[in-house]
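Welcome, and please open your viewer.

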Amino acid sequence: MQPLLNAQQIHDADTYTIAHEPISSVDLMERAAKAFEQAFTARYGDTEKSIAIYCGTGNNGGDGLAIARLLTDYGFEKVDVKIARFANKFSDDFKSNLQRLSQTRIPITNFTSVAELKTEPADIIIDALLGNGLNKPLAGEYAQLVQQINNWHKTVVVVDVPTGFYSEGEINPDAIVIKADLAITFQQPKINFLLPDSKHAIKNWVAVDIGIDRNFTQQLNSPYQYLEESDIKKILRPRERFSNKGTYGHALIVAGQPETMGAALLCSSACVQAGAGLVTACIPQSGLVALNSYMPEIMAIVREGDLQPTIDWTKFSTMGIGPGLGKDDNALALLTDILTNYTKPVVIDADALNLLATHKQLWACLPKGSVLTPHMKEFDRLFGEHKNWWQRLQTAMQKAKELQIHIVLKNDYTIIASPDEKLYFNSTSNAAMASGGMGDVLTGIITALLAQKYSPLEACLAGVYLHGKAGDDLALPGKLWVVLPDKVAAQVPVSMAALMV
Ligand SMILES: NC(=O)C1=CN([C@@H]2O[C@H](COP(=O)(O)OP(=O)(O)OC[C@H]3O[C@@H](n4cnc5c(N)ncnc54)[C@H](O)[C@@H]3O)[C@@H](O)[C@H]2O)[C@@H](O)CC1
Ligand SMILES: [K+]
């Protein structure tokens, strides 16, 4: 689990590392510049290309100066350094690196106003103007310079964070900020990199390790955490000797209408694939043939017209409710029946979420520890409109605590809010997975893990990670353009086994 720190905490962690490793501040800058150089040359290794490095006069600018030297050592012959001297403030490490750079033959241009700049002939621009020290929105010369750089439409690679971009907090969509093709960021993704609001500023990012003290960053107890494979390996347990279907629980999937049986099939088959010992699907009568032919391992409880099905509450280890269920009176009656009679944590998705949104009296009946899996629109239907994702994060954290539930807010980096006011960002999944039915599969996987006696938090973390990992294993790198949900479900046991070794 990697703690995601805010700008102040990152600064504190840098300071702690300098004092306790110990390492001089300028050597830490050198280490950061080296890590940048390696990540940069791995992607832009053609030394024929010309590079212009725009530097500020703080530590971000200091990084830029060191990077100019390292890229030249690497073999780039056309490296230009341009220093924006908009303020008369220079960090010590900027000054040391300027001193070192002036002993090389790398050309340095100083400018105090954007009007002095001509066109930029370089193939690639490196942005080392401002980094994590940003303390106000860009204005004046900085704003003009950033707009100028954006207007050149070059390949832009940024050092740490795009100039003008806030690492955390609400993002103003009209703010002036460097548009980055790639952000090579130090130690950890910045929290806002993981939110869709950053899409306009950052096409891609990569985090490079610069050896910041991990014990220190752990003990800061950040509410924001980034999931890593090692976390999931710790959660997953091997299937045991002398185990049988009873060992792995009996899940009930309540899903489907005659027109949306696919959702029920995808959800319940994913539940089987993710290892539930037994799976029963509560589906409309007309879907029975489809269910039996799609996957004979799944049993059925059928729903007929207005007749409510009889469910033996003691029989099931957990339930997943909602995919394709519809929002009619029968669906509402069934959801009400379940929530008022069943007391173990359940997974609530899709139409069941929409029913919850319009029948708030049901919230009091949600079993503690239950899991809600909304996408953005469902989330806003449940909890009100939000202007941006940062606001959504705060609501998720607050509601998870208030209702003692887990909220799985689906997105590129799906966010899991837990009742103890933590937010976990998932690190797997890819755009090939953006297709209808993918959420139904996720619900099936989380339900399966709950059935296998993983705690609700473990089921959410491992379920979300596995779902994305199965999609990654199928699609990346460059294997499949589109990955369909049933393929993801079928891949889950393979990806799970690979995580167990
Ligand atoms: N502290 C450390 O030891 C390390 C810092 N590193 C680099 O240092 C960066 C942070 O450096 P700094 O804290 O010096 O800050 P920056 O270099 O980001 O900014 C420099 C100064 O600009 C001013 N400023 C902020 N917002 C402004 C605005 N909107 N308009 C005009 N001026 C503004 C502030 O006075 C700020 O201190 C990181 O992003 C990273 O690139 C790395 O070298 C790793 C180690
Ligand atoms: K920058």
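How far apart do the end C-alpha atoms of residues 228-499 lie, and how much of the span is helix and how much strand? Select the span to see: its end C-alpha atoms are 12 Å apart, with 44% helix and 14% strand. Helices here are DSSP runs of H or I with at least four residues, strands are runs of E with at least two, and both are numbered from the N terminus.

Before going on, a word on what you are viewing. This is a predicted model, in which local features need pLDDT of at least 70 and side-chain atom pairs count only at pLDDT 80 or more, while totals for chains, interfaces and linings use all residues. Residues are numbered from 1 along each chain as its sequence is written, and chains are lettered from A and ligands numbered from 1 in the order in which they are written.

**The whole chain**

Show everything as a cartoon. Of the 501 residues, 47% are buried. A residue counts as buried if 20 or more other C-beta atoms lie within 10 Å of its own, as exposed if 12 or fewer do, and as partly exposed in between, with C-beta atoms placed from the backbone. Among contacts between residues at least 6 apart in sequence, 74% join residues at least 24 apart; a contact means that two C-beta atoms, placed from the backbone, lie within 7 Å.

**Two annotated spans**

Colour residues 10-218 next. UniProt, in an unreviewed entry, annotates them as "domain: YjeF N-terminal". This span is 35% helix and 16% strand, and its end C-alpha atoms are 12 Å apart. Now give another colour to residues 228-499, the span from our opening question, which UniProt lists as "domain: YjeF C-terminal", again in an unreviewed entry. UniProt positions are in the numbering used here, feature names are shortened, and annotations may be inferred rather than shown by experiment.

**Around ligand 1**

Centre the view on ligand 1. Its shell holds 25 residues, the closest being G58, N59, N60, G131 and G133; to be in it, a residue needs its C-beta atom, placed from the backbone, within 6 Å of the ligand. Helices α2 (25-43) and α3 (59-74) are the elements that give two or more residues to this shell. Colour the shell by class and you get ten nonpolar, eleven polar and four charged residues. Here Ala, Val, Leu, Ile, Met, Phe, Trp, Tyr, Cys and Pro are nonpolar, Asp, Glu, Lys and Arg are charged, and the others, Gly among them, are polar.

**Two helix pairs**

Select α10 (residues 329-341) and α11 (residues 350-358). They pack at an angle of about 85° with their axes 10 Å apart, so they are roughly perpendicular, a term for angles of 65 to 115 degrees. Axes are lines fitted to C-alpha atoms, for helices over the stretch in contact, and angles run from 0 to 180 degrees between N-to-C directions. A331, L332 and L335 of α10 meet D351, A352 and L355 of α11.

Move on to α15 (residues 456-475) and α16 (residues 485-500). Their axes come within 8 Å and cross at roughly 100°, which makes α15 roughly perpendicular to α16 too. Among the residues making the contact are L466 and A470 of α15 and V488 and V492 of α16. By class, the contact has six nonpolar, four polar and three charged residues.

**Backbone details**

Most residues other than glycine have a negative phi, and most peptide bonds are trans. Let us visit some exceptions.

A cis peptide bond joins L476 and P477, with omega about -15°. Then jump to P22, in the loop between α1 (7-20) and α2, where the bond from E21 to P22 is cis, with omega near -15°.

Is Q187 buried or exposed? Q187 is buried, with 22 other C-beta atoms within 10 Å. You will find Q187 in the loop between β7 (182-186) and β8 (205-208), with a positive phi of about 70° although it is not a glycine.

Finish at F242, in the loop between α7 (229-235) and β10 (250-254). F242 also has a positive phi, of about 55°, but F242 is exposed, with 5 other C-beta atoms within 10 Å.

Definitions and conventions. Angles under 35 degrees count as roughly parallel, over 145 as roughly antiparallel, 65 to 115 as roughly perpendicular and the rest as oblique.
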